[in-house]
Amino acid sequence: MATTLARPRAHTSRNPEAHKAFAALRHLGPNWYASVMGTAIVANAGATLPYQVPGQRVACQIVWALSAAALALLLTARAGHWLHHRDQARAHLLDPAVAPFYGCLAMALLAVGGGTLIVGKDLIGVSAAVAVDAVLFTAGTAIGLLMAVVVPYLMVVRHKVEPAQATPVWLLPLVAPMVSAALGPLLIPHLPAGQPREALLLACYGMFGISLLATLLMLPLVFGRLIVGGPLPLLLTPTLFLVLGPLGQSTTAVNQLADVAPEAIGAPYAGALGAFAVVYGVPVMGFALLWLALAAAMLVRAARNGMGFAMTWWALTFPVGTCVTGAAGLARHTGLTAFAWLATALFLGLVTAWLLAAAHTLRGLFTGTLLPR
């Protein structure tokens, strides 16, 4: 009798579909948040392009709604992962190849939150959009700052890391504060004038510094591994595009912050921050284009050698999207048509990469190859 009462979850055997769903969740890692990031950036970048065509904003609204729905679904699924597969969740944190992807959770929250104020407000109203973005920005920023400390700490103390393991994935937890720096300015006009606005402005510049300096420490390890160790494994080749993330996002951040600086801080700082946006952004965008060319050449090489689909393909979306918004910001502040055309060309590449990644992901989900049961 005691044995019978102690048997808990008999419902799983009577409900095989639910059992399969819980089993599939075991393989749902934090890297899946990259799909939300990559979807949200399409909406955000498309809505802020210098050139707009009829129906473009409506398309961006649809994509934003898709990213918001995907975020809600993924947050629920990941909660189930932690509830039913805690051993695997802890193992992810202790795996140097998986732990950095926890930075994607923060960036997914931030990207969808920013999109709510950029295009979502057309659907739900400005007041609701501000409230939603405030919640997602706060949560995303807190998680991003936490992961920027926790993941490097684990890499030093718990992970067994060798130089040959260095990949651009290591940048992910370090980029999250830069995403906060780039999207925080959207909330500044909605804060009371005076110290609240100035505090958020300077906090964003502080997070800009955190991410930039941490990236400057990590990037030489990644590039050194490529020079000494040769090309990455085929399926990891798309992660080379992750280097574009801190480059494009930092350029976006300084331009976004310069836009709202006059409302948040007095002279002469507002003018100086406007000048800094161009003085910093132009050379960094130049380096981003250099890295884009290198990464694209490596991607073509990998494709020719038989690279198949993996979730790493989502690395081709969000980082490129940050370069779109960065180029659009430079076009806005310099008035150069060349930057407007650059943003448009990069956006076309972003949409192509998103369509490919999304189509293969959906097919993998339907066929069970991505989340085996």
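**Helix packing, a buried threonine and a cis bond**

Tutor: H8 passes H9 in a left-handed crossing. This is a predicted model, where local features need pLDDT of at least 70, side-chain atom pairs count only at pLDDT 80 or more, and totals for chains, interfaces and linings use all residues. Residues are numbered from 1 along each chain as its sequence is written, and side-chain values use heavy atoms, leaving out hydrogens and water.

Student: What makes H8 roughly antiparallel to H9?

Tutor: The axes of H8 (residues 126–157) and H9 (residues 172–183) cross at roughly 155° and come within 7 Å. Angles over 145 degrees count as roughly antiparallel, so H8 is roughly antiparallel to H9.

Student: Which residues of H8 and H9 make the contact?

Tutor: Contact means heavy atoms within 4.5 Å. From H8, they include Phe137, Leu145 and Val151. From H9, Pro173, Leu174 and Leu183 are among them. By class, the contact has 11 nonpolar, three polar and no charged residues.

Student: Why is threonine 344 called buried?

Tutor: Its relative accessible area is 17%. Buried means under 20%, so threonine 344 is buried. Threonine 344 lies in helix H14 (residues 337–367). Leaving aside residues up to four places away in sequence, threonine 344 touches Leu49 and Tyr51. Its C-alpha atom is separated by 7.5 Å from that of tyrosine 51, 293 residues apart along the chain.

Student: How do you know that the bond joining alanine 267 and proline 268 is cis?

Tutor: Omega is about 0° for this cis peptide bond. Proline 268 sits in the loop between helix H11 (244–264) and helix H12 (269–304).

Conventions:
Axes are lines fitted to C-alpha atoms, for helices over the stretch in contact, and angles run from 0 to 180 degrees between N-to-C directions. Helices (H or I, at least four residues) and strands (E, at least two) are DSSP runs, numbered from the N terminus. Angles under 35 degrees count as roughly parallel, over 145 as roughly antiparallel, 65 to 115 as roughly perpendicular and the rest as oblique. A crossing is left-handed if the near helix is turned anticlockwise from the far one by less than a right angle, and right-handed if clockwise. Ala, Val, Leu, Ile, Met, Phe, Trp, Tyr, Cys and Pro count as nonpolar, Asp, Glu, Lys and Arg as charged, and the others, Gly among them, as polar. Buried means under 20% relative accessible area, exposed over 50%, partly exposed in between (1.4 Å probe, protein chains only).
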